[in-house]
Amino acid sequence: MRLLTRDQIFASLNNKDSESLYLDPLLNDNQVGSISVDLRLGYDFTVSILTRRAAIEPYPADNVKKRGIQSYFQETRRRLGERFILYPHQVVLTTTVEFLSLPRNIYADISIRSSYGRLGIGVTTTMQPGWRGTIPLELFNHGNTPIEMVVGSCVCQASFYEIEQSTDYVGEGAVRKYFGTVRPAVSKADHDDELPHLARMGQIS
Amino acid sequence: MLLKSNLRLLLAQLDGLAETPYFSSDLDQYINELRAVLAELLSRLESCPPRVDPDLSQSIAHGVWRLIQFLTGSTAKQIPYEVVYAIERAANDWGTSKLLITTAIIQEANFYFHSIDRDFFNFIERELGIKINYQPVQIALPYIYRHKPLFCVPLFHEFGHFVDTANGIVIISLLNSSEAVGPDLPDVKPSSEIAKLSGQEREYWDSVVMMHRKEYFADLVSVAYVGEAMLGFLKEFIPNDKVSASHPSSVARFKLMTDFMDGTNNPIINLFQDALSHRGFPPLTRRFQPVAIDEIFGNVRPCQLNSDENVFGLFESGWKFLQGMVDNPSGLWKTLSEAEIERITNDLTEKSIRNRMIMEGWRATANP
């Protein structure tokens with residue numbers, strides 16, 4: 001496994017081959033640093049809201065009517081340059097502006113840029129080889145002061161790691177719930193196949 | 001009592017909208033003008049004796065109420081900016097100054113695109129002395145299509161109605177070639193027979209011809225911009241609609257659109273080309289360039305659009321790609337369900353247009 005450097009990242013981005021790194025739009029070449037690429041805060045947001053139900057239940061008990069996870073969130077859109085306020089202790093789903101396409105032998109680690117980490121915002125995620133889509137960001141303000149964020153600002157960064165063996169992200173039998181998304185998608189935890197199995201186990205014990 | 005209550009409630013709603021920091025400055029000013037209208041109306045009604053006719057107040061209140069519906073859609077920030085962008089670019093072809101678009105997301109299978117009747121604003125100015133400087137264009141589309149640009153192509157048909165109304169194209173066509181002269185329209189009484197009618201029957205058939213011509217013209221504008229995307233969508237949306245007083249049959253509409261795309265001579269198309277020429281517009285031709293997306297969409301990546309013609313062309317190219325992948329999925333799409341193929345194709349279309357908007361905005365503001 002090797003970490004891609006600036007020259008290697010540019011070489012792959014400029015390669016028109018289908019098995020290359022692809023980021024669109026890359027508004028400024030300066031986004032590419034020595035071992036990472038800065039990525040911009042996207043314009044679609046899905047914001048958590050409080051409801052009358054006490055909890056989000058991915059797999060409610062038999063006698064409880066299911067409430068879809070989507071109903072605990074609200075959509076809103078912005079243009080680049082507009083503001084978005086991230087309130088303390090609120091989950092906000094968004095994405096990067098950039099659409100990312102990863103080759104089958106490169107994965108990406110996404111982390112918050114230190115300037116935003118110092119404001120109390122946390123983001124950590126991994127994009128698997130073969131990923132297509134804008135990068136989902138689950139923003140959370142760990143501080144106690146709302147933060148006004150500028151849509152389109154560079155808030156996080158991606159490091160790219162080349163692995164020895166290629167993987168098949170959308171191969172036969174693979175279940176990819178978020179493949180090709182260009183806006184935040186709420187959790188599909190309720191689609192996990194094992195939940196009925198675990199529920200049966202819970203009833204027996 | 002109810003009228004004054006309505007005015008207070010509407011004013012409160014506009015006050016709320018005015019405090020929303022999401023609008024453009026143009027929309028903000030437009031909202032303030034509407035607030036001034038309601039405040040003035042309320043003040044005149046509350047004076048003793050009232051200084052305004054209740055019927056007139058009623059009519060203005062209802063008119064403003066309708067306008068607010070589209071403003072609330074714009075605040076909800078669920079606007080399909082990408083489709084609105086494409087429409088704004090199309091409007092440039094018709095000499096329209098920058099449109100002030102307000103959008104409503106509606107829970108019905110319908111699309112709207114129309115400008116506010118200027119007479120309503122003139123009426124307000126005459127009666128209340130308040131001038132509304134802006135003339136917004138109202139767009140509405142189904143809620144379930146807000147992220148489905150390929151399913152929003154009927155907005156281009158509605159845009160065609162807007163072009164017609166703003167420039168009097170059908171009116172000119174009627175002056176050039178009246179209902180009694182032709183050309184004959186499919187499923188409508190022949191012009192030679194209309195010529196023999198009089199009274200109410202003549203009025204009825206005259207109005208049918210006018211309505212049908214309006215629909216045909218809007219259809220032609222839509223295929224001029226989005227080509228087979230429009231035809232393909234309508235073939236699934238209204239596959240077999242019968243003729244009515246307001247609309248030609250689906251079959252007749254599809255034939256006209258096909259003739260236009262194939263370049264087949266058709267007297268109805270010629271009629272509108274003459275009318276456009278009278279108005280100083282060039283003939284209606286394909287305004288779009290298809291985009292070669294098979295490879296890049298095939299690799300599940302958005303495409304780069306280098307011109308407005310490409311933006312319009314993406315609707316046709318995207319529609320064909322979607323049909324092709326649903327019928328015969330291949331490559332990365334092979335293991336995807338039909339629902340996923342539809343979602344991802346619409347998403348790639350939306351993202352391709354959005355990326356162009358972002359790049360344009362970035363370049364335009366690079367040097368302050």
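B:Ile130 is found in the loop between helix H5 (118–128) and strand E3 of chain B; helices (H or I, at least four residues) and strands (E, at least two) are DSSP runs, numbered from the N terminus. At 15% relative accessibility, B:Ile130 counts as buried, because buried means under 20% relative accessible area, with exposed over 50% and partly exposed in between (1.4 Å probe, protein chains only). The C-alpha atoms of B:Ile130 and B:Ile344 are separated by 48 Å, and the two residues stand 214 residues apart along the chain.

This is a predicted model, in which local features need pLDDT of at least 70 and side-chain atom pairs count only at pLDDT 80 or more, while totals for chains, interfaces and linings use all residues. Residues are numbered from 1 along each chain as its sequence is written, chains are lettered from A and ligands numbered from 1 in the order in which they are written, and side-chain values use heavy atoms, with hydrogens and water left out.

**Chain A in outline**

- Chain A has three helices and 13 strands.
- Its C-alpha atoms fill a box of roughly 60 × 45 × 25 Å, taken along the principal axes.
- Of the 205 residues in chain A, 45% are buried.

**Paired strands of chain B**

- Two strands pair if DSSP finds at least two bridges between them.
- Strand E1 (residues 100–106) of chain B runs parallel to E3(B), and seven bridges join them.
- Within this pairing, B:Thr102 stands opposite B:Gln138, and B:Thr103 stands opposite B:Ile139.
- Strand E2 (residues 112–115) of chain B runs antiparallel to E3(B), with four bridges between them; here B:Tyr112 stands opposite B:Ala140.
- E1(B) is largely enclosed by the rest of the structure, because seven of its seven residues are buried.
- From E1(B), B:Leu100, B:Thr102, B:Ala104 and B:Ile106 point one way and B:Ile101, B:Thr103 and B:Ile105 the other way, and all are buried.
- E3(B) is mostly covered too, with seven of its seven residues buried.
- On one side of E3(B) lie B:Pro136, B:Gln138, B:Ala140 and B:Pro142, and on the other B:Val137, B:Ile139 and B:Leu141; both faces are covered, and all of these residues are buried.

**Aromatic rings**

- Over all chains, the structure holds 22 aromatic pairs; rings of Phe, Tyr and Trp (its six-membered ring) pair if their centres lie within 6.5 Å, and planes under 30 degrees apart count as stacked, over 60 as edge-to-face and the rest as tilted.
- One of these pairs is edge-to-face: B:Tyr145 and B:Phe233 lie 6.3 Å apart centre to centre, with 80 degrees between the planes.
- This pair links distant parts of the chain, 88 residues apart: B:Tyr145 is in the loop between strand E3 (136–142) and helix H6 (154–167) of chain B, and B:Phe233 is in helix H10 (residues 228–237) of chain B.
- B:Tyr145 counts as buried at 15% relative accessibility, and B:Phe233 counts as buried at 4%.
- B:Tyr145 and B:Phe233 also belong to one aromatic cluster, together with B:Phe111, B:Phe151, B:Phe237 and B:Trp319.

**Charges over rings**

- A charge sits over a ring if NZ of Lys or CZ of Arg is within 6 Å of the ring centre and within 35 degrees of the ring normal.
- B:Arg354 lies over the face of A:Tyr43, at 3.8 Å from the ring centre.
- The charged end of B:Lys235 sits over the ring of B:Phe254, 6.0 Å from its centre.

**Pocket and cavity**

- Rolling a probe the size of a water molecule over the atoms shows where empty space is left.
- On a 1 Å grid over the protein atoms alone, a cavity is a set of points where a 1.4 Å probe fits but cannot get out, and a pocket is an open set with protein on both sides within 12 Å along at least five of seven lines; lining residues have an atom within 4 Å of a point.
- The second largest pocket has a volume of about 800 Å³, a volume being the space filled by probe spheres set on the grid points, which are joined across faces, edges and corners.
- This pocket is lined by 31 residues, and A:Lys16, A:Tyr22, A:Asp24, B:Ile296 and B:Gln304 lie nearest its centre.
- Helix H1 (6–14) and strand E2 (22–24) of chain A, and helix H13 (294–298) and helix H15 (338–364) of chain B, each supply at least two residues of this lining; H15(B) gives the largest share, six residues.
- The structure holds one cavity of 30 Å³ or more, and the largest cavity has a volume of about 40 Å³.
- Residues lining the largest cavity include B:Glu179, B:Pro183, B:Lys189 and B:Val209.
- The lining of the largest cavity divides into six nonpolar, one polar and three charged residues, where Ala, Val, Leu, Ile, Met, Phe, Trp, Tyr, Cys and Pro count as nonpolar, Asp, Glu, Lys and Arg as charged, and the others, Gly among them, as polar.
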